[in-house]
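Dear colleague,

I am passing on a structure for you to look at, and below it you will find my notes on what was found. Please read them with the model open beside you.

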Amino acid sequence: MSTQETGERLELLQGTLDLLILRTLIFGSQHGQGIARAIQQTSEEELLVEHGALYPALQRLEERGWISAKWGISSNNRKARFYSLTAAGRKQLVKETAKWKRLATAIGRILDPAKEG
Amino acid sequence: MLRRKRKASDFSAEIEAHLEHETARLLEQGLSEQEARAAARRSFGNVMKVEERFYESGRWFWWDHLRQDLRFGMRMLARNSGFTVTVVLTLALSIGANTAIFSLVNALMLRSLPYSHPDRMSTIYTRITGSRPSDERHKLNGEQWELLRDNVPSLISAVSSSRTSGVNLQAGSRVEYVRVGRISAHYLDVLAIPPVLGRNFLEDEDRPHGPKAAILGYSLWRNAFGANPKIVDKTVSLKGEPYDVIGVLPEGATTPLNADLYVALQPGREGEGGGTNFECITRLRDGAIWQEADAEINRAWSLRTQRYELENNPGAQVTYHSVPLQKGETARLRPQVLTLMLAAGFILLIACANLAGLTLVRVMRRTSEVATRLSLGASRWQIQKQFWIENLLLALVGGVVGVGVGFAALRGLLLLLPEHFLPVAHVPLDGRVMGFALTVSLLTSVLFGMLPALASRNVDLRSSMASRTVAGGGSLRLRQGLIAGEVALTVVLLAASGLLIRTLVHLETLPPGFNSNGVMTAKASLDDVRFHNPAAFRKLLAESTAAMRQIPGVQQTAAGLSLPYERTLITGGIAISDGKEAGQKVMADEVYVTPDYFAALQIPVLAGRSFSEADGPDTQRVAIVNEMFARKFFHGANAVGRYVDKDTMIVGMAGNVAMAPGIDPVAPLTNEETMYVPAAQMEARQLSLLHVWFQPSWIVRASGPVDGLTAQMQRALASADPNLPFSGFYSMRDLLAKTLATQRVEVALLSAMTALALLLSAVGIFALIANIVAQKTREIGIRLALGSSIRQAMVHVGAPGVRASALGLIVGLILCTGALRAMSSVLYGIGVYDAPTLVSVALALGLVTLLATTLPTLKIARIDPAKTLREE
């Protein structure tokens, strides 16, 4: 892992937001704000997610049939739109995860060949 | 329109919910209400942008924009009504021409024949290799027909007469002249036309000298027999003999012959069947395949005893193969129609070049509009889209008007064609034609829209905003190129139609060899049992011509088997009986005539004598040959006194007359070796056969116009035989027009298209110059102010048009050297590189160019230098 300059968060790579959303929903249904929080917390505040960018992505995933949504009441008694993974979404998550891992390993090898031995 | 499931308001509500959740979380962390709300918004980013992205990802967005673009496009087109009208008219004319010609192509080549399973129908082509190769439809003789009928089980085969002939039908008390088609037993089975009443011919009825039976066409049944439902098994009087009606064809049924009624062909190996006189059609039987059928045909016809294909063609190989009936029936017109289609394609290209030029100017004029829109945030793609949508709108409007024009043009064209000229009954504007028109419209919009779209891609914002003048020095070069291109195509069309016109003039002004002024002719059918007797035939001719001579104003009357300009009987095997050519057998046209034939038509008898009343059935058999005959068979020696066919003495030599060729059809009108014989010496056997094929003509020469001549001719004929109707009356001019129908139609159509091409080119040049004048008003003003004369300014402005046109002329002439060679087979009397034609082409083009460049420059005279300089 490269060192992080203080005060600066990593910007998301193109296309990774979809993967993160799917991954977050694996623990159960969640609303948009919850997803944004979860991504930030699990990445230990490393990743910068502009909350606004989340919604078009959610809309896109919903249209592709990977997640489904319905309005409900959140834990603090507010109206919210809850998203959950569909079967197709699960499959997509597995596929994307594998792809991402391969990519990360490959890039890791290029950047730091010595460590691989 | 498709609609997404989720509404924008729902999306906004979700964002609102997000902000509330985030605010609540931040409040819990101890921020003040105001701070929390601000931080939530900050971490969300731009709400509006997110909502916009949601909206844009929906399909409504597309629809909204398209509607907006369309509305805007229509407004722009309406505002530039001059431009719009020019473009729509250009499109309408060119698409109209293409639609009309394509509907012919469609009817002749693409539409299925109107029979069930037309793909199983065919005809037989003869392929000859060797020194004179050919691959075409041949007629069959009796032997071939019998072999085909009996030895080719894969096919249902049938033969017919090659054309209809006129016969006399007694319907009630009246005798009518109707067109009969003679067909073999299974002809209607091949066409798969079951009669609505009765049945088809039986094989027994199709044997030589079999029972006499007839099948009526639907309209004849309705018109002549009042649609009598009990007509079957009734007897009608046809050709003076009783025929049993055995069937009636269904309404709208067509056959390749398109006759009024049908009788059995009764083909044999003798008489008609001794020569190749039968047209053949076949249908593949269920379960059979074409290869098998072709193999059977080749096997069957290898058994023939006489093989005419091998005469004069040593070393040739002859094979036979099936060809779709559609192709066989339309082969004659195919090259002509394809030529017209090519010409129509040229028109379309010329139109596209014009339109590209026009739209290019328009796009250039709109540079500042484009720049403004770009600077207001429109993307280049949006600007391009706007242009394309306008082009598309224009193309569609032009296409719709074009189909209307095409429909009108097609109606006019079909009126122009002689009856039974096309081998199809209808030329419809069907779905395929509509599809073609639509495709052509869209294609046109792409073609003429492409250039301007490319040109407008690199509009520079700053410079275009700053200057109000129109950009595009490079566009002038481009437009000149377009003009040169269209002029080149126009030159090719001009030259082609010029050559065809010259051909037609040549044919129409060929020395006819007789005097056609004041001659009226009429035909009647003598295919009638009453006239098989030579004595009755002689009596009819003598009495009727004598009666016609009594008509006041009539000078001479005669009758003959055929007339000048017509096709006539060909007789093979005429034996030269004496001199050094003795024993030679020759082929010539044969015409029986009454004694006054040469006098009535004023055909000069150059040597010997004409026929006289004394040449009768019991006197010396005599003949008169024409110059061509004497030159060809006697090598120019004196023919008079020579003998042919043992005992026939040549007593005279007549001048050549122009006629439709039968022996060697190299030109539509020619001189052929001809032998005239006295009608009085015809034998019964000849009369019964000849009159099946030919309807003889009566000839009347009058000194001036005679009131009611035709009615008086009919009365005179009736005085000799009350039951003999004339089929029609023709002046020699009518006969010439009929013989040259194909050439006339070709000339008319190609000339019309050439005129259109010339008009479009003129419009193109005109538009170019008019545009330069408009663009350079200021520059011209300065020139005038600095002392240039108006003439000099006109020349300066008009020069680019003249240069483009001159370049086009040169390129066109170069194209001609290749393109015109393909026309050599349809040209008669002139060469492919005909100097007068090419000079006329250049002159015509020069004149049009001059007009098109001068007219718009006249505006220069109205330019006021002082005023133009004050502008800006």
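Chain B of this predicted model has a mean pLDDT of 87, and 96% of its residues reach 70 or more, where pLDDT is the predictor's confidence in each residue, from 0 to 100. The model scores ipTM 0.83 and pTM 0.73. Where pLDDT is low, the predicted coordinates should not be read in detail. Because this is a predicted model, local features need pLDDT of at least 70 and side-chain atom pairs count only at pLDDT 80 or more, while totals for chains, interfaces and linings use all residues. Residues are numbered from 1 along each chain as its sequence is written, and chains are lettered from A and ligands numbered from 1 in the order in which they are written.

Chain B contains 27 helices and 23 strands; helices (H or I, at least four residues) and strands (E, at least two) are DSSP runs, numbered from the N terminus. The radius of gyration of chain B, taken over C-alpha atoms, is 38 Å, well over the 29 Å that the globule rule (2.2 Å times the number of residues to the power 0.38) gives for 872 residues, so chain B is more spread out than a compact globule. Its C-alpha trace spans about 135 × 80 × 60 Å along the principal axes. Of the 872 residues in chain B, 40% are buried, a residue being buried if 20 or more other C-beta atoms lie within 10 Å of its own, exposed if 12 or fewer, and partly exposed in between, with C-beta atoms placed from the backbone.

An automatic or database domain assignment divides chain B into domain 1 (1-57), domain 2 (133-312), domain 3 (334-508 + 741-870) and domain 4 (529-723). The centres of domain 2 and domain 4 of chain B, taken over C-alpha atoms, are separated by 31 Å. Where these two touch, the contact takes eight residues from domain 2 of chain B and seven residues from domain 4 of chain B, two residues being in contact if their C-beta atoms, placed from the backbone, lie within 7 Å.

Turning to the two chains together, 17 residues of chain B are in contact with 15 residues of chain A. On the side of chain B that touches chain A, helix H1 (8-28), helix H2 (33-44) and helix H3 (47-57) of chain B each supply at least two residues, and the largest share, eight residues, comes from H1(B).

Chain A has five helices and five strands, and buried residues make up 23% of its 117 residues. Three of its strands form an open sheet in the order E2-E5-E4 (chain A), with antiparallel pairing; two strands pair if DSSP finds at least two bridges between them. Strand E2 (30-31) and strand E4 (67-73) of chain A stand at the edges, each with a single partner strand, so one side of each is left without a neighbour in the sheet. E4(A) pairs with strand E5 (residues 79-85) of chain A over seven bridges, and A:Ile67 stands opposite A:Leu85 in E5(A).

In helix H2 (residues 32-42) of chain A, the residues A:Gly32, A:Gln33, A:Gly34, A:Ile35 and A:Ala36 are buried. What covers the buried residues of H2(A) includes helix H1 (16-25), E2, helix H3 (51-64) and E5 of chain A, together with H1 of chain B.

With kind regards
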